[in-house]
Amino acid sequence: MFENVCKHCLKTFRSVDKRGYCDACRDLDVDEFDRIEAYLKKYPNSNALQISESLGIDVYDIIRFMSEGRLQVTRGTFSRIDE
Ligand SMILES: [Zn+2]
């Protein structure tokens, strides 16, 4: 069993696999990911801050998706937040 912390509600929970979100936040997580993915298809060179502002998703959520390897990073621009 893994001890996980949900990145959305910060609740601690156990599961058989390593996960970044609890059952209650699964829909939210999938929904956010779908919206980010759709946005990146339209605007492939967006950085995390632009996505956050356009979609109203917390910038740290987006960075976490990135660090989970679930978002394809193109040309390295996504990992930086421009001043
Ligand atoms: Zn949660």
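**Entry 1: the model**
I am working with a predicted model.

**Entry 2: the zinc ion**
I looked up which protein atoms hold the zinc ion. I found the SG atoms of Cys6, Cys9, Cys22 and Cys25. They lie 2.3 to 2.4 Å from the ion. I then read the spacing of these donor residues in sequence, which is C-x2-C-x12-C-x2-C.

Next I asked what arrangement the four donor atoms make around the zinc ion. Their angles run from 106 to 115°, so the arrangement is tetrahedral. The cut-off I needed is that all angles lie between 85 and 135 degrees.

The limit for buried is under 20%.

**Entry 3: the loop between β1 and β2**
I turned to His8. This residue sits in the loop that links β1 (2-5) and β2 (12-15). The side chain of His8 makes a polar contact with the side chain of Asp29, at 2.8 Å. I listed the contacts of His8 beyond four places in sequence: Tyr21, Cys25, Leu28, Asp29, Glu32 and Asp61. One of them, Cys25, is also a zinc donor.

Leu10 is in the loop between β1 and β2 as well. I looked up its phi, which is near 65°. That is a positive value in a residue other than glycine. Is Leu10 buried or exposed? Leu10 has 60% relative accessibility, so I wrote down exposed.

**Entry 4: Ser52**
I found Ser52 in helix α2, residues 48-55. Its relative accessibility is 14%, so Ser52 counts as buried. A polar atom of the Ser52 side chain lies 2.7 Å from the backbone oxygen of Ile57. Leaving out residues up to four places away in sequence, Ser52 touches Ile57, Asp58, Val59 and Ile62.

**Entry 5: helices α1 and α3**
I needed two values here, because a packed pair of helices is described by the angle and the distance between the axes. Helix α1 covers residues 26-42 and helix α3 covers residues 59-67. Their axes come within 11 Å and cross at roughly 85°. How are α1 and α3 placed relative to each other? They are roughly perpendicular, since this label covers 65 to 115 degrees.

I then noted the residues that meet. Asp29, Glu32, Phe33 and Ile36 come from α1. Asp61, Ile62 and Phe65 come from α3. Among these, Asp29, Glu32 and Asp61 also touch His8, and Ile62 also touches Ser52.

Conventions:
Residues numbered from 1 in each chain as written. Predicted model: local features only at pLDDT ≥ 70, side-chain atom pairs only at ≥ 80, totals over all residues. Heavy atoms only, no water. Donors = N, O, S within 2.8 Å, 3.2 Å for Na, K, Ca; no water. Tetrahedral: all angles 85-135°; square planar, octahedral: opposite > 155°, others 65-115°. Helix = DSSP H or I, 4+ residues; strand = E, 2+ residues; numbered from the N terminus. Polar contact = N/O pair within 3.5 Å; in protein donor to acceptor, adjacent residues only side chain to side chain. Contact = heavy atoms within 4.5 Å. Buried < 20%, exposed > 50% of the residue type's maximum accessible area, 1.4 Å probe, protein only. Axes fitted to C-alpha atoms, helices over the stretch in contact; angles between N-to-C directions. Parallel < 35°, antiparallel > 145°, perpendicular 65-115°, else oblique.
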